Amino acid sequence: MPVLEGHWGSDLRMRDSGLGVCPEEPPGSPEWGPLRTPPVTCGGLSLTLELPALIRQLRAAWRARKGGPCSREKRHGSTWVEAEKEVEEGKQDEENSRAHLEAKSRLNTAHADVLLAKRRGSYPPIDLHILRNSIQSGETEFSTKRQMKHLLSIQRCYHTSRLLGGLAPHDSGSLYLLDDDYLGQAAHMLSKVGTWNFDIFLFDRLTNGNSLVTLMCHLFNIYDLIHHFQLDIVKLHRFFGMVQKDYHSQNPYHNAIHAADVTQAIYCYLKEPKLADQLSPLDVFLGLIAAAAHDVDHPGVNQPFLIKTRHHLASLYQNTSVLESHHWRSTVGMLRESGLLAHLPAEITRVIEQQLGSLILATDICRQNEFLLTFREHLDNQDLDLLEASHRHFILQIALKCADVCNPCRSWELSRQWGERVCEEFHKQGELEKKFDLEVSPQCDHQVDSVPAIQSGFISCIAEPLFEEWNRFTHPSLLSQTMLDHLHKNKAHWIRLLNPGTLAEEQTYACAESCDAEKGERKNIP
Ligand SMILES: Nc1ncnc2c1ncn2[C@@H]1O[C@@H]2COP(=O)(O)O[C@H]2[C@H]1O
Ligand SMILES: [Zn+2]
């Protein structure tokens, strides 16, 4: 029986992407790794991917014919997608009005937001804090917290649209003056978005928690991607908003600021002279979206935790790249729901979805050695040819991996904050494991695994080897040199903070060991 069954009942799930099981890998290239689950195809359709969507569309079209709440005027909508959209809108109208009667004091838009998340199966998200608090106090605080969160999200949307649309405030009260000042500073920061000392924490505060949406819109503009892919700006904004909102703001580390930080870093890497001229608009599009969405809906606990608590996602993805598969499938779900790519030929959309999968799955830290060794081999043989799409894809995977673990390469002040945040998340998991009599995962015991020990170990075992190779690839690069300088200084700083007599290597991060242990665990689980 699942360890936390009862506590992780139907109310405490991560969103289900609703797109089925298949962690389908992109075809062909050896760098893309093995095809794990061959897709079942039928008449050219990948059943595992397409069938649930098809069923939804058929159901929607059927209901639309019967005449849903708002389908009367729109029934002539000719495509399946339109029919589904109409019915969904209808459902939402219906639910909105019910909500209005139920709770007059609630803002309609806020509730519609909740309903949207319900419809996507993402509601309520896993919330380990609430899980713990409510178990401890026996209270159910959900509705109040949710209301607050959604009220704040409305406020955020409003602020973002002002920043992006350059709208003048209607009111000249002091609050707005203050906000304008913030927005002016945020806009100023965006003009320096390609600099390595970009302070994402400050940017997030200045944009009122909208760093990811604001950054993505700005970068899409810089690269002219909206024009190139003929994107609908409303759908684009909706997609970015969904991604940002599906990060858990209560996670100390795996939240939307981490996603924005990784996105800003990958932008710096894409600008490297070695790469910039070789990249196609599609490469840039994929790199930015993969960075923004690579940890979406992260529950704040790691894969071994999901495996040992027998979370349904662990069995869905067969205990392999569980979180990364979920981040990818959720991204695909949001892309489809937003309709952002609906105007593109199906074949292109399929390639985009698969390549996003290949990029996001590469961020699985347990595959670090696999990628590092391949990268090293290519550099030794000097056989990377960026005119070849598969080689560019491999470099995009490496760039995303670098961006994902680049926090030790930031200046000390930024790096320290990330280090403390990630350790806080590990330690919270450890507390939860102790609470439920589970074995405490490596690095998660706050009584044993100190922040300086985790940090110095992580830098030595994971970050340093990777950035040394990245430096070789980008050479000569001022940015890579700057990153390595920071990394060495930060490592020395953490080692100085270690308790006297404690060596970093004694308490090291030991990723390889934890991954091996995890594989052992996988074998034990039916
Ligand atoms: N500064 C750090 N210290 C320890 N672990 C880290 C640090 N930065 C990143 N990581 C780990 O590396 C992982 C990379 O993928 P994730 O972002 O999913 O989760 C990240 C953390 O588990
Ligand atoms: Zn990440």
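## Ligand shell

Ligand 1 is surrounded by 13 residues, each with its C-beta atom, placed from the backbone, within 6 Å of the ligand. Among them, the closest are Ile 365, Asp 404, Gly 419, Val 422 and Phe 458. The model is predicted: local features need pLDDT of at least 70, side-chain atom pairs count only at pLDDT 80 or more, and totals for chains, interfaces and linings use all residues. Residues are numbered from 1 along each chain as its sequence is written, while chains are lettered from A and ligands numbered from 1 in the order written.

Helices H20 (412–435) and H21 (451–474) each give the shell at least two residues. Helices are DSSP runs (H or I, at least four residues), numbered from the N terminus. The shell holds seven nonpolar, four polar and two charged residues. Here Ala, Val, Leu, Ile, Met, Phe, Trp, Tyr, Cys and Pro are nonpolar, Asp, Glu, Lys and Arg charged, and the others, Gly among them, polar.

## Packing of H11 and H19

H11 (residues 256–270) packs on H19 (residues 389–404) at about 135°, axes 8 Å apart. Axes are lines fitted to C-alpha atoms over the stretch in contact, and angles run from 0 to 180 degrees between N-to-C directions.

## Annotated site

An unreviewed UniProt entry lists His 258, His 294, Asp 295 and Asp 404 under "binding site"; such annotations may be inferred rather than shown by experiment. These residues spread over 147 residues of sequence, yet cluster in space, with a largest C-alpha distance of 10.0 Å. His 258 lies in H11.
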